[in-house]
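The sequence and structure are shown first.

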Protein chains: 2
Amino acid sequence: MIKKTSLKDIAQAVGVSTALVSYVLNNQKENRISKEVARKIRQVAQELNYQPNQIAKSLKTSKTRTLGLIVADIANPFSSSMARIVEDEADRQGYTVVFGSSDENPQKCQKLITTLLNRQVDGLLIAAPAGTESQIMTLQKQTVPFVLIDRYFPSLKTSYLALDNYQSTYDAVRHLVDSGYQRIGLITLKTSLFHITERTRGYQSALQENGLPFQKSRVKELSGNNPTPDVAKAIQLLRTGQDPVDAIVFTTNSLTFWGLKAIKSQHINLPSELAVVGFDETDAYELFDTSITYIRQPLQEMGQLATKILLESLNPNTPITQTNLKATLVIQASTQSLSVPAVQSAE
Amino acid sequence: MIKKTSLKDIAQAVGVSTALVSYVLNNQKENRISKEVARKIRQVAQELNYQPNQIAKSLKTSKTRTLGLIVADIANPFSSSMARIVEDEADRQGYTVVFGSSDENPQKCQKLITTLLNRQVDGLLIAAPAGTESQIMTLQKQTVPFVLIDRYFPSLKTSYLALDNYQSTYDAVRHLVDSGYQRIGLITLKTSLFHITERTRGYQSALQENGLPFQKSRVKELSGNNPTPDVAKAIQLLRTGQDPVDAIVFTTNSLTFWGLKAIKSQHINLPSELAVVGFDETDAYELFDTSITYIRQPLQEMGQLATKILLESLNPNTPITQTNLKATLVIQASTQSLSVPAVQSAE
DNA sequence: TTATCACGTTTAAACGATTAAACCTTTTTT
DNA sequence: AAAAAAGGTTTAATCGTTTAAACGTGATAA
């Protein structure tokens with residue numbers, strides 16, 4: 001690469017010290033500097049197309065104006081949508097974003113944290129994988145500014161921005177019950193992640209508080225290792241036997257996707273044979289036969305607020321902020337009320 | 001943030017100069033340094049949990065081990081899949097990735113380039129928006145290492161890694177012709193981007209070289225401003241009148257998606273009423289009634305090779321590399337041969 | 001005995017910015 | 001006329017590394 005212009009080059013060209021150039025270009029000490037010299041400096045800077053070296057600036061100020069974003073997998077629509085929102089909000093405040101995918105793997109997560117901190121990011125947005133409590137605690141001990149997004153640990157007093165997961169599935173089940181469904185199954189992930197277990201808890205409470213029995217056999221926890229067959233099997237199991245379910249709630253976007261694939265290949269008719277509530281919004285739903293009722297996370301708000309809170313907490317002594325945003329249940333044809341005749345699915 | 005350990009801290013603790021510490025920790029001058037001192041330094045570094053400050057290192061070496069990635073929109077599956085592949089390959093070689101979304105906007109692209117260069121990224125991977133030739137030329141003049149991905153400019157002698165776009169649609173049309181379709185329409189984007197116009201050219205050649213007339217009325221160029229209605233209308237136009245098409249080829253993943261949505265809402269039966277070839281692979285296809293024949297880009301190879309080439313070209317005097325990878329036509333039910341009876345769509 | 005060499009380590013400049021403090025002039029105040 | 005203030009600019013240290021060159025010291029060679 002061709003050497004870029006430095007302060008020194010400008011200083012030399014104008015015949016002043018680098019300090020003066022720095023002051024002028026940063027609009028400091030404005031009343032002290034002669035108009036004429038300032039003009040000249042600005043002009044030469046322009047001519048030489050001066051662009052400050054952020055690395056040098058960062059070294060001196062120990063601010064990089066860069067945020068680190070750790071997601072599960074940037075190729076996952078949830079992550080990439082989040083990334084986009086974070087990018088925009090960061091950009092609005094003059095920050096750039098470095099990202100990394102943890103693949104839900106604690107070791108990878110640790111490696112990412114270390115790498116990003118070595119690059120001196122000013123703060124971190126983390127969708128923490130299961131088993132990373134200690135890493136997060138360490139960050140906190142080091143007083144690294146960070147905000148957890150999507151996932152968080154109830155045992156840790158850290159800033160986070162997440163969903164009200166409990167309420168999200170509670171509302172979904174409640175809606176199913178209101179629509180006349182009585183035997184509601186849940187397909188979820190086998191994980192210790194709080195945000196997921198909360199979804200199961202919401203499901204369970206909704207059943208019980210609405211006078212329906214909670215049956216363990218109606219909850220299928222999948223490992224996520226070979227999802228497509230596992231989900232297909234789970235659906236089959238839930239729908240067979242002497243007490244088949246009439247509705248299924250999925251607790252993640254991937255599960256929903258795999259579930260719909262299975263439903264399609266098993267030729268199950270929605271909602272007449274089975275009602276379905278999906279998690280998260282996906283383009284893919286729009287190509288599915290029946291329009292899908294789903295739990296919508298306020299992604300935009302989540303990403304934007306998380307970024308704002310992080311940028312805020314770059315200032316010392318900012319208090320911890322814990323936010324659980326409410327999900328919206330988007331009601332469509334896949335949970336058509338049993339009491340009314342089915343209508344054409346929405347487009 | 002708590003101050004991190006620096007070379008100086010270690011030097012002080014051990015009672016040697018920072019230079020020696022640096023040499024030891026970088027495994028330099030190994031034969032010159034006494035085993036005992038080296039051991040001590042390593043031990044103290046470990047104890048103090050020393051992590052080199054990459055910013056300082058970068059300033060000195062003018063290498064950041066960071067790559068800049070400019071995509072159209074990180075929230076788009078094509079971009080995010082690409083990002084993931086780039087991330088992995090970069091990581092494998094010890095690089096991190098900073099990204100930005102151009103939204104196909106030249107101004108935004110320029111801003112991103114400037115920002116990334118100010119942060120001293122070592123090189124750039126760019127999916128260039130239309131109208132950014134001059135920006136790319138400037139980069140080249142500055143001898144900034146970069147590789148264009150997906151899009152490129154035939155007029156510029158730059159490194160790029162893209163698809164053989166011409167061949168991709170040529171093959172698709174050829175396949176349609178072979179399957180008995182004779183009146184083939186194209187839905188594409190109104191753009192000057194070479195990779196898209198090449199797709200139109202491939203379509204046209206395939207028709208002509210197979211003895212079919214090329215009719216301008218069968219090519220619909222959409223602005224992409226309000227896609228859903230526009231695509232729906234284009235499909236309607238193509239299928240009505242005295243000479244309706246019996247097949248449609250889409251030239252981008254978004255167009256395909258919108259197209260399928262329209263096809264679903266217009267209750268068009270595939271392939272009996274219309275054959276369809278989509279562009280790119282998408283999860284969404286899997287939820288669609290009919291399995292879709294589509295043009296698959298070798299994303300993995302593209303991202304990985306592009307990254308490798310970029311990293312390679314960080315070394316001075318690396319020659320320009322221009323690569324057009326072949327697409328694969330994944331044949332499914334939506335282009336079922338007219339001469340054989342339709343079978344169950346693949347799952 | 002003195003020059004040469006090897007060994008282990010330190011010195012100090014450099015990367016490109018920032019910024020408090022110092023330094024001249026000139027002008028204003030007393 | 002001397003002191004103080006204001007105006008305009010420079011000096012020099014600093015951030016945390018890297019690295020060529022120099023520096024002692026003890027051993028070896030001439």
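Which element gives the most residues to the surface near DNA strand C? In this predicted model, α4(A) gives the most to that surface, with five residues.

**The surface near DNA strand C**

DNA strand C is surrounded by 25 residues. The closest are Ser6(A), Ala19(A), Asn53(A) and Ala56(A), together with Ala19(B). Both chains supply elements that give two or more residues to this surface: α2 (18-25) and α4 (54-61) of chain A, and α2 (18-25) and α4 (54-61) of chain B.

**The contact between domains 2 and 3 of chain A**

Chain A is divided into domain 1 (7-52), domain 2 (65-163 + 299-325) and domain 3 (165-298 + 329-335). Taken over C-alpha atoms, the centres of domain 2 and domain 3 of chain A are separated by 29 Å. Their contact takes 15 residues from domain 2 of chain A and 12 residues from domain 3 of chain A. On the domain 2 side, the elements that give two or more residues are α5 (77-92), β5 (160-163) and α12 (299-312) of chain A. Of these, α12(A) gives the most, with four residues.

**Residue classes**

Conventions:
Residues numbered from 1 in each chain as written. Chains lettered and ligands numbered in written order. Predicted model: local features only at pLDDT ≥ 70, side-chain atom pairs only at ≥ 80, totals over all residues. Domains from an automatic or database assignment. Contact = placed C-beta atoms within 7 Å. Near = placed C-beta within 6 Å.
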